[in-house]
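User: Could we go through the contacts between chains first, and then the salt bridges?

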There are 6 protein chains.
Amino acid sequence: MYTDLPEADLRRYVSEQVDPADFDAFWAETLTDAATHDLNVTVIPVDTGLATLDVFDVTFAGFAGQPIKAWLRVPAGATEPLPTIVQFHGYGRGRGQSYENLLWASAGFAHFEMDLRGQGWGGSTSDTPDEAGSGPQAPGFLTRGVDSKETYYFRRLYTDAVRAVEAARSLDVVDAARVGVMGVSQGGGLALAAAGLVPDLAAVVARVPFLCDFPRASVITDAHPYRELGIYLSTNRLNTARAHDTLSYFDGVNFAKRARAPMTMTAALMDPICPPSTVFAAYNNYAGPKQITVWPYNGHEGGAWEDDALTLTAFREHLRQG
Amino acid sequence: MYTDLPEADLRRYVSEQVDPADFDAFWAETLTDAATHDLNVTVIPVDTGLATLDVFDVTFAGFAGQPIKAWLRVPAGATEPLPTIVQFHGYGRGRGQSYENLLWASAGFAHFEMDLRGQGWGGSTSDTPDEAGSGPQAPGFLTRGVDSKETYYFRRLYTDAVRAVEAARSLDVVDAARVGVMGVSQGGGLALAAAGLVPDLAAVVARVPFLCDFPRASVITDAHPYRELGIYLSTNRLNTARAHDTLSYFDGVNFAKRARAPMTMTAALMDPICPPSTVFAAYNNYAGPKQITVWPYNGHEGGAWEDDALTLTAFREHLRQG
Amino acid sequence: MYTDLPEADLRRYVSEQVDPADFDAFWAETLTDAATHDLNVTVIPVDTGLATLDVFDVTFAGFAGQPIKAWLRVPAGATEPLPTIVQFHGYGRGRGQSYENLLWASAGFAHFEMDLRGQGWGGSTSDTPDEAGSGPQAPGFLTRGVDSKETYYFRRLYTDAVRAVEAARSLDVVDAARVGVMGVSQGGGLALAAAGLVPDLAAVVARVPFLCDFPRASVITDAHPYRELGIYLSTNRLNTARAHDTLSYFDGVNFAKRARAPMTMTAALMDPICPPSTVFAAYNNYAGPKQITVWPYNGHEGGAWEDDALTLTAFREHLRQG
Amino acid sequence: MYTDLPEADLRRYVSEQVDPADFDAFWAETLTDAATHDLNVTVIPVDTGLATLDVFDVTFAGFAGQPIKAWLRVPAGATEPLPTIVQFHGYGRGRGQSYENLLWASAGFAHFEMDLRGQGWGGSTSDTPDEAGSGPQAPGFLTRGVDSKETYYFRRLYTDAVRAVEAARSLDVVDAARVGVMGVSQGGGLALAAAGLVPDLAAVVARVPFLCDFPRASVITDAHPYRELGIYLSTNRLNTARAHDTLSYFDGVNFAKRARAPMTMTAALMDPICPPSTVFAAYNNYAGPKQITVWPYNGHEGGAWEDDALTLTAFREHLRQG
Amino acid sequence: MYTDLPEADLRRYVSEQVDPADFDAFWAETLTDAATHDLNVTVIPVDTGLATLDVFDVTFAGFAGQPIKAWLRVPAGATEPLPTIVQFHGYGRGRGQSYENLLWASAGFAHFEMDLRGQGWGGSTSDTPDEAGSGPQAPGFLTRGVDSKETYYFRRLYTDAVRAVEAARSLDVVDAARVGVMGVSQGGGLALAAAGLVPDLAAVVARVPFLCDFPRASVITDAHPYRELGIYLSTNRLNTARAHDTLSYFDGVNFAKRARAPMTMTAALMDPICPPSTVFAAYNNYAGPKQITVWPYNGHEGGAWEDDALTLTAFREHLRQG
Amino acid sequence: MYTDLPEADLRRYVSEQVDPADFDAFWAETLTDAATHDLNVTVIPVDTGLATLDVFDVTFAGFAGQPIKAWLRVPAGATEPLPTIVQFHGYGRGRGQSYENLLWASAGFAHFEMDLRGQGWGGSTSDTPDEAGSGPQAPGFLTRGVDSKETYYFRRLYTDAVRAVEAARSLDVVDAARVGVMGVSQGGGLALAAAGLVPDLAAVVARVPFLCDFPRASVITDAHPYRELGIYLSTNRLNTARAHDTLSYFDGVNFAKRARAPMTMTAALMDPICPPSTVFAAYNNYAGPKQITVWPYNGHEGGAWEDDALTLTAFREHLRQG
């Protein structure tokens with residue numbers, strides 16, 4: 001059943017999320033701090049046994065210079081600068097195995113798949129730790145360090161994402177002018193953050209994105225991971241305003257206002273995990289060229305393989321592939 | 001939590017499934033009937049936009065000569081006879097999209113992915129109808145036509161599977177001497193059926209296989225799809241013996257007794273869908289060379305990507321690839 | 001809790017279901033095709049051991065001339081033309097046993113209880129197969145053949161229902177001028193279809209009817225069987241428009257517009273299976289004399305025995321019994 | 001799935017329920033007390049509009065002389081002494097409507113359907129209050145007054161059941177020598193109690209009976225209503241021994257030891273509500289002629305209509321009907 | 001997720017509950033009847049082993065003069081008239097143990113904790129029976145005797161609550177002019193009832209109160225115990241109007257209109273058990289000084305320890321403690 | 001229903017957990033490292049408004065010298081060395097509010113209530129952060145740092161617990177010779193760890209303890225938090241042996257073997273969270289004087305207030321309280 005507003009209302013929906021006065025200053029300072037660490041990119045070939053693709057184990061310096069893993073996949077033997085897709089993963093996942101996720105490179109792109117610090121318990125593995133402590137939090141990552149914007153987990157993860165784009169661009173096989181970002185769910189939220197923080201991306205694909213419109217997301221669904229906020233605040237109820245203040249610096253709605261790259265989004269009307277109003281909250285605020293596909297009978301899987309086709313179409317167009 | 005016996009007991013477990021006296025006669029007649037129809041294989045290139053793989057839309061004549069779809073994927077430009085993997089899918093799925101499921105061809109195999117008649121509602125799409133009526137049945141396919149072995153849905157599907165091997169072998173790009181079959185869940189059950197019905201397969205991989213040990217499977221889990229049997233029999237309780245008679249002709253336990261190809265299997269101790277005793281029921285009866293990997297903390301996903309790695313290893317060895 | 005709109009809004013609710021231009025042509029052709037087959041009614045006495053009722057095992061030719069079973073029950077020894085109730089059953093059921101469902105004949109009516117092709121897994125048994133194949137479908141009957149109006153399961157079942165009325169009328173013990181139809185849930189949907197397709201029924205009783213207002217029904221509940229549509233369309237998402245086109249030819253809303261017999265309906269405000277707005281969608285469009293009883297604290301059981309009393313009252317009045 | 005032991009073990013299962021030394025004295029005193037009140041049977045014809053049956057509204061004095069309602073149904077016009085079925089209902093039910101439950105009288109029996117004091121919230125209505133207070137109890141009836149055998153709800157209900165047999169026998173249309181008792185679930189438990197307390201019943205049918213083997217029933221299922229015991233004892237944990245002492249006076253296991261009438265029982269291997277070991281606990285102790293039918297794929301519905309057929313067969317044989 | 005209206009709408013919400021013309025007469029008569037029984041207060045010291053508090057086992061005559069238990073706790077050695085909190089418990093609970101619930105007396109109040117007749121199955125024990133029979137009812141207490149206002153369970157319980165205040169005031173250690181009432185959930189409903197029936201209370205604290213706005217409560221949640229009404233009415237559907245007539249005499253909305261003491265309330269926006277609109281239904285009608293705290297991320301636990309702090313603050317202010 | 005073995009088997013149950021050769025060395029080194037940091041105890045009075053108790057906000061240096069919070073509660077004005085209870089909390093909790101949890105000090109003990117680093121999302125709040133990063137982990141704390149015994153979260157928490165005892169003993173109001181530890185669930189696991197690591201405790205109370213017998217606990221329940229292990233290992237399946245190696249250094253079974261203080265334990269036969277076999281795994285290995293109370297009808301609440309009474313009795317006896 002529909003988990004949220006009907007489509008006509010979604011297209012008119014306006015989020016109540018606030019845009020903090022020092023939002024840009026906070027992120028400028030955060031990225032400047034990160035930039036004090038050299039990117040320190042290493043690229044090591046992996047013996048996958050695959051005949052048609054080359055895969056490389058990449059490491060780069062993310063937030064606080066901490067080493068972040070990634071996979072780089074390219075058509076076998078490719079050396080020329082390729083149009084490139086930087087991919088971020090969904091909640092609970094990691095970069096997984098070298099021999100997984102072969103579509104993007106098989107389609108002729110360089111594919112840079114960033115690992116997720118500390119995640120990797122659900123659906124794919126991670127090889128990257130999250131080096132930071134936390135005050136009291138609910139199980140999961142959505143309230144890790146939520147007491148302040150400085151300590152919040154997603155400050156580290158969003159910074160990793162920006163650095164991943166930079167690391168990709170530093171590679172010979174990547175055409176730095178033709179780099180797009182994409183992701184599903186949390187990956188879509190990271191793509192929006194990158195779109196708001198990296199000024200010159202060529203394309204953005206955010207499918208059923210997570211991490212958007214926290215004020216509404218935290219009260220209209222009981223599904224995880226948004227539910228983590230409710231769990232935390234049900235006990236730490238006196239911290240409610242403080243937590244929402246932190247979250248406003250990490251909301252896809254606010255990154256959308258600052259983004260300019262052509263963007264492709266999808267939403268699903270039966271999605272309880274990222275309810276479509278929270279997706280449209282970002283879409284309706286997105287400042288660049290944009291299109292959205294709405295799937296009426298889907299849950300959080302969204303368009304799945306149809307979304308893969310939409311993604312390929314978008315990247316072929318905006319990265320001027322083939 | 002464990003959904004079944006501990007591993008030590010699994011290794012000793014003996015199914016109570018009966019081996020009908022006319023089992024071989026029934027299948028010989030069924031396949032002879034099918035063979036009266038020409039295989040009628042057509043192979044049409046698909047424009048997928050993939051750079052590293054060629055994909056073909058295949059049609060062949062399955063049970064009763066009905067047209068069955070498949071995808072053929074090979075490394076781009078391959079024409080020589082390749083070691084070949086014939087894949088069968090899980091319950092509810094179909095062959096899906098031409099640009100999905102790229103691992104096997106990327107690893108250098110010819111990959112023949114058979115569609116599932118009438119299925120395709122859950123996880124991937126099917127392009128093949130099931131042309132047959134049915135007496136009263138529970139929702140789903142497990143009791144479709146279960147009133148007799150002649151009308152049972154899986155008679156048609158198992159026959160399609162045997163014909164898929166034949167269709168693959170008829171192709172120039174396939175090395176007929178180096179064909180293996182594989183599948184997960186229902187696909188594993190189909191792989192076992194093929195292993196019992198096709199005498200000269202080079203390798204079999206059956207991961208967390210479904211369709212094994214119906215007498216036990218139907219009473220030790222409430223998970224679908226085995227639960228379909230209980231739903232049907234709870235109303236059609238006077239048909240219980242008749243249904244079990246039908247099922248005995250389709251039980252992986254009985255195919256395992258007749259198989260000779262080297263076989264790789266996996267089982268998961270927390271699997272409620274294909275409880276591990278039903279998997280070991282087939283494994284313990286398997287008549288050819290065999291190995292099994294047991295995942296103690298997994299459900300029906302089994303080893304997932306680790307099982308993909310095991311599968312590649314098995315096929316590289318037994319199909320004498322590279 | 002309420003599963004839908006409050007009653008005041010229900011009474012104003014207007015369905016968005018479309019009325020296809022060729023709706024009447026489609027059904028005229030369908031029934032003309034069916035009429036090419038002789039009704040071929042056979043009536044065989046059953047030894048039930050009941051002292052007060054005579055029961056007969058009836059067979060007649062339904063869609064495509066396929067044999068459909070029914071029970072006929074009358075007060076013991078009755079031979080004169082009686083006011084008659086043709087009953088259709090709920091989803092998953094069949095005609096059941098000869099000695100079940102004794103109210104209607106005990107009340108002095110001839111009771112003609114039609115079997116349901118291929119159903120009979122839940123609550124009562126069926127003795128009638130569904131002789132037709134199907135393209136990919138979700139488990140159950142709601143998407144069987146939904147790819148086109150010609151192949152849709154309910155084309156066959158609705159035709160059976162019209163033929164059941166004709167078969168009943170052909171019997172000596174039935175007064176053809178005093179025939180009413182009734183049913184609960186799917187049976188109510190079938191009663192509405194019969195009301196729209198048979199011009200001269202004396203009365204219609206449709207209790208918490210199913211098969212009404214598919215556009216809304218498919219998005220406001222997660223309960224089965226409407227949920228089958230969502231399951232099918234979540235994978236076959238590109239078939240959404242086509243499926244809804246098919247459904248528009250089978251929607252009780254469209255049959256209601258064409259019906260003229262006095263109609264009694266019930267709806268339940270806590271019904272998740274046939275949400276009351278979908279019931280009112282049909283009621284508000286019903287073109288003949290009509291009344292509806294709303295049960296505020298009931299789920300899909302509706303008024304149950306109170307609805308039986310309402311049904312008896314309606315048939316006594318409109319069939320001019322006693 | 002199976003909710004309990006496999007059938008072979010069930011047939012050997014021995015309950016640990018104790019047989020209190022003063023069990024017979026307690027019940028003799030209870031029934032003697034009840035007998036101080038005149039039965040005070042009133043029989044009033046009901047205008048049901050049924051053509052084939054006569055229905056009467058019966059009242060008799062039950063426990064403590066409190067008025068208990070019942071329906072009497074007989075074939076229309078019957079006046080001669082008929083073989084008679086006294087029926088007790090399942091938990092939460094009552095005698096319901098006069099025009100429900102027509103099978104038994106339609107089959108030629110006099111049918112005496114006792115109401116259940118204070119119940120009637122689930123599935124059918126009751127017209128009989130329970131005139132007694134209670135100490136702390138869990139919601140429901142299973143712990144009402146469980147603090148002592150004198151105040152326990154089922155002391156009143158079992159006494160009503162014995163008095164119902166006496167009331168039935170006092171009627172002209174009832175052949176007192178040909179009276180059987182029957183019931184499903186709680187009704188089966190009441191039938192067993194009547195079988196243990198009324199020495200000269202002609203037949204007993206107890207289908208998937210409730211109220212048997214409390215020591216085991218209270219620890220092997222979470223299904224209601226046995227779960228009520230667990231709810232009560234989880235808070236009133238210091239009352240555990242006292243509650244079990246009370247229950248031992250009301251356990252079907254102990255009544256079974258004292259019964260002599262021919263008995264027909266059914267059990268279902270997937271029944272979570274009355275797990276089959278608790279049913280076999282009574283069956284294995286039953287002291288009279290007995291038979292049991294085991295349904296392997298059914299839950300608490302047991303054999304349903306097949307059990308009705310078994311019931312008719314048993315009563316036809318033992319009540320020497322027709 | 002929110003279980004009800006957003007806060008702005010809650011503050012405007014007006015219940016549809018009716019105010020029966022003879023509401024005051026009914027309660028005047030009820031309390032007058034109760035007053036014919038002497039309060040009969042007994043106070044017996046309990047040896048708890050606590051060093052800092054004295055605890056007494058209190059008995060007083062409640063409805064119909066039936067003995068009702070309570071605990072009295074005071075700081076060790078206290079004898080002077082203290083500001084006093086009379087506490088009522090939540091559904092399913094009782095007064096529990098003498099050594100539980102130490103906050104209020106530790107904070108310097110006399111704490112009078114009333115037992116709940118017949119309850120005590122969930123969370124704490126009761127030592128008080130409910131001496132009354134009941135017509136058919138759903139499991140639980142919400143429909144016990146609901147057929148008429150005279151026999152309804154809560155007539156007895158509300159009367160007990162009024163008598164508890166009187167019993168407390170009769171004690172030397174209680175300053176009769178400084179008595180407040182408080183409770184959570186059902187306890188909050190009892191506090192509102194006391195506030196409407198006892199004219200001179202010094203303060204009222206009703207946290208997430210139950211027993212308010214039955215017309216809405218019974219249709220907007222499936223959570224127990226309001227769900228008991230739906231269960232009862234789903235079978236006893238013809239009693240719907242009668243039950244609601246009874247309930248109107250026991251609705252916190254109607255007591256709120258008659259209350260004058262300063263009142264502190266809390267509501268939780270994610271509460272499915274006492275949805276916030278039902279709480280605001282009482283709050284918006286409360287006729288005395290009032291304040292409400294709304295917890296946006298809490299369920300039925302409400303503010304828990306924060307609500308304890310709010311309660312202490314309110315009583316310290318209104319009972320002019322230290 | 002029972003969630004585990006019957007009591008007789010529990011008393012014979014032997015865990016398969018291994019006792020690592022360097023267990024003692026690991027803990028000796030861990031505690032030696034901790035001891036390099038001064039305890040640094042600060043004690044600040046809190047204005048709670050409580051009349052009968054004094055409460056102090058305590059800070060001490062835990063693992064790695066990180067500041068850990070605690071509450072100290074004593075009878076108002078107490079200054080003499082008191083028998084003392086050091087309490088550890090259940091999973092998800094923290095030390096909560098100063099005015100909560102008053103029983104132990106009201107009973108005359110000094111009550112030292114340790115905070116839980118990083119927890120505090122469920123049931124009570126924490127004021128103590130967990131200052132450490134983690135590799136990939138499942139949501140929650142049970143797999144935080146589980147990759148090695150050095151980085152495992154519970155290394156830090158167990159060390160905090162030992163330091164809490166030392167901090168308590170450093171206070172004037174505490175009689176260092178009469179210190180006991182207690183806890184429920186995770187708190188019980190911490191109490192067992194303290195019992196194994198602190199040689200001279202006077203008493204130990206471990207109620208339904210968590211963190212015992214990981215090999216079995218991780219496979220016989222789906223309830224959280226043990227389920228966190230299964231979630232982590234279902235993705236990180238190749239880390240299974242490594243994780244279990246880590247866990248063996250933190251298993252209550254191994255601490256029990258090393259403990260000598262008199263110990264009181266409780267277990268509940270319907271506990272799915274800490275199944276009773278895991279509790280008996282520790283109990284059966286406990287090397288000191290011991291007693292256990294088994295609650296047959298309770299879940300993880302165990303004996304609740306009865307367990308409080310048992311706890312008071314144990315401490316009164318073993319701490320030689322007045």
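User: How many residue pairs are in polar contact between chain C and chain B?
Analyst: In this predicted model, 12 residue pairs are in polar contact between chain C and chain B, both residues at pLDDT 80 or more. A polar contact is a pair of N or O atoms within 3.5 Å; within protein, one must be able to donate a hydrogen and the other to accept it, and residues adjacent in sequence count only if both atoms are side-chain atoms. The side of chain C that touches chain B has eight nonpolar, 16 polar and three charged residues; Ala, Val, Leu, Ile, Met, Phe, Trp, Tyr, Cys and Pro count as nonpolar, Asp, Glu, Lys and Arg as charged, and the others, Gly among them, as polar.

User: And how many salt bridges cross the interface of chain C and chain B?
Analyst: The rule, a side-chain nitrogen of Lys or Arg within 4 Å of a carboxyl oxygen of Asp or Glu, finds zero there. Over all chains, the structure holds 126 salt bridges.

User: What about F:Asp57, which residue is its salt-bridge partner?
Analyst: F:Asp57 pairs with F:Arg95, with the closest N and O atoms 2.8 Å apart. F:Asp57 lies in strand β2 (residues 53-61), and F:Arg95 in the loop between β4 (82-88) and α3 (103-106), 38 residues apart; strands (E, at least two residues) and helices (H or I, at least four) are DSSP runs, numbered from the N terminus.

User: Are they buried or exposed?
Analyst: Both F:Asp57 and F:Arg95 are buried, that is, under 20% relative accessible area (1.4 Å probe, protein chains only).

Note on methods:
Residues numbered from 1 in each chain as written. Chains lettered and ligands numbered in written order. Predicted model: local features only at pLDDT ≥ 70, side-chain atom pairs only at ≥ 80, totals over all residues. Heavy atoms only, no water. Buried < 20%, exposed > 50% of the residue type's maximum accessible area, 1.4 Å probe, protein only.
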